[in-house]
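Please look over the following structure, with attention to its packing, its strand pairing and its charged side chains. The notes below are meant to be read beside the sequence and the coordinates.

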Amino acid sequence: LDGAAGFGSSYPDLGERWISNRVGVVDPGRLVVAPARRLVRSRETVEQVPLDAVFLDPRTGEEVASVPAGRTGAQPSFGGSVSVSPDGHLVAVTTIRHTTVIDARTREVETTIPLQAPVWDPDAAFWASAWSPDGSRLLLGTAGRAVNTPELKKPGREGDLVVVDTTSWRVERRVVVPGGVRVLEWSPDQTVLAVGQEAAATVTLFDPSLRRQRVVELRPSDYPFDLAFSADGSRLAVGGAEGRVSVLDTESWELVHEPALLQGARIVDVGWLSDGRTVVASGMDERASLYDSSRNLVRAGPFPASDQPPDGRGYAYVVPGADDELVLSGGDQPGHRYPLDPAVWLATACRIAGRDLTRDEWRTYLPDRPYRRTCAEILGG
């Protein structure tokens, strides 16, 4: 189902703001939080852009609260991220030069942690954060320093995992990460921390003590922009700069299939549907796709994150909160919600095609089911 949003319904926008990184879950199905950048009409003249932590009811898209979290640059790809503590009580919001910690219940600012790079670099930045499994530490991922990095076999950049004690909010230590840090993701059993590099096409794996265990190389120049483990932890989806999704087997850390080209722009958000095999990927082109990682098959897409034409202001991100529909933000435009009931997709596809699947098409998409004329039944033919 490519092209315009032909079914489903609209989802509220954020007015003069747009979601600028993946959405965090505070209370499953009831409350989420998103980093939202103010809309910039003339980027050439704006040095810094206000960024808010916006709390939303994912069921309705209603804004519950908005907390100013600082300012970020006008030009960076993201410029802000959020992560939620294991107990759902605290939200860390990174804004390039600072990380602001917000109480999710009172919406009060708990503390602000400034970026303190060991060696000053104008490109140094907080890019991501994650909480230790017990919530006692906040991990802040940075990028910046230009170095000769033997592991990358060429001049490159490096960053740190900054470990912050959440009782005192003091920095305990730093763990150097060649290639810098763009995204952090814990495995479901919390035994592996996957780090997507900012300046290298690699994913580095750490144990809970932050000892480096392995470096997984991706396609050259396909830098990771988002990571997501499947619910059972058996696979890791990587959204890349080239519009591809790489799916890794977490036992061997080898590719399950060759990376799948899903979209024409970098993929900034990846996640899994409840079936455990379908990856949702959305990107800078304000579109999303569904990829069957078991059959190496694009199930749908790219389809729009809004019922209005993309305007290039803002990216597409998934708003988590429901198993029966896919909710997408659409930059500064209304987003869109798509039902995930296969019968609805089939009926819509039949109305568009006006015919049954051929037997070859059926074998491609439904190889385990006996062939039948489904569209003829729906269309009354």
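Predicted model: local features only at pLDDT ≥ 70, side-chain atom pairs only at ≥ 80, totals over all residues.

Residues are numbered from 1 along each chain as its sequence is written, and side-chain values use heavy atoms, with hydrogens and water left out. Helices (H or I, at least four residues) and strands (E, at least two) are DSSP runs, numbered from the N terminus.

- Leaving aside residues up to four places away in sequence, Ile19 touches Leu14, Ala34, Pro35, Ala36, Tyr317 and Ser329, where contact means heavy atoms within 4.5 Å.
- As background, nonpolar side chains tend to be buried together in soluble globular proteins.

**Strand pairing**

- Four strands form an open sheet in the order S20-S21-S22-S23, with antiparallel pairing, two strands being paired if DSSP finds at least two bridges between them.
- Strand S20 (224-229) and strand S23 (260-261) stand at the edges of this sheet with a single partner strand each, so one side of each is left without a neighbour in the sheet.
- Strand S22 (residues 244-249) is joined to S23 by two bridges, the two running antiparallel, and Val245 stands opposite Ala260 in S23.
- Elsewhere, strand S16 (residues 183-186) and strand S17 (residues 193-196) run antiparallel and are joined by four bridges, with Glu185 opposite Ala194 in S17.
- S16 and S17 form a hairpin with six residues between them, and Gln190 in the turn has a positive phi of about 65°.

**Surface patch**

- Leu346, Ile378 and Leu379 form a nonpolar patch on the surface, with about 220 Å² of accessible area together.
- Such a patch is made of residues with over 30% relative accessible area and no salt bridge, with nonpolar side chains (Val, Leu, Ile, Met, Phe, Trp, Tyr) joined within 5 Å and like charges within 9 Å; accessible areas come from the Shrake-Rupley method with a 1.4 Å probe, and for residues only the protein chains shown count as cover.
- Ile378 lies in helix H3 (residues 374-379) and counts as partly exposed at 37% relative accessibility, on a scale where buried means under 20% relative accessible area, exposed over 50%, and partly exposed in between (1.4 Å probe, protein chains only).

**A buried threonine**

- Thr278 lies in strand S25 (residues 278-283) and counts as buried, at 0% relative accessibility.
- Not counting residues up to four places away in sequence, Thr278 touches Gly271, Trp272, Leu273, Leu290, Tyr291 and Arg299.
- The C-alpha atoms of Thr278 and Ser230 are separated by 9.3 Å, although these residues are 48 residues apart along the chain.

**Salt bridges**

- A search of the whole structure finds 18 salt bridges, each being a side-chain nitrogen of Lys or Arg within 4 Å of a carboxyl oxygen of Asp or Glu.
- Arg38 forms a salt bridge with Asp52, with the closest N and O atoms 2.9 Å apart; Arg38 lies in strand S4 and Asp52 in strand S5, so the pair ties together parts that are 14 residues apart in sequence.
- Arg38 counts as partly exposed at 32% relative accessibility, whereas Asp52 counts as buried at 3%.
- Arg17, Arg38, Asp52 and Glu63 are linked in a network of salt bridges.
- Asp292, which is buried with a relative accessible area of 0%, meets Arg277 in a salt bridge (3.2 Å, N to O) and meets Arg295 in a salt bridge as well (2.9 Å, N to O).
- Arg277 counts as partly exposed at 33% relative accessibility, and Arg295 counts as partly exposed at 29%.
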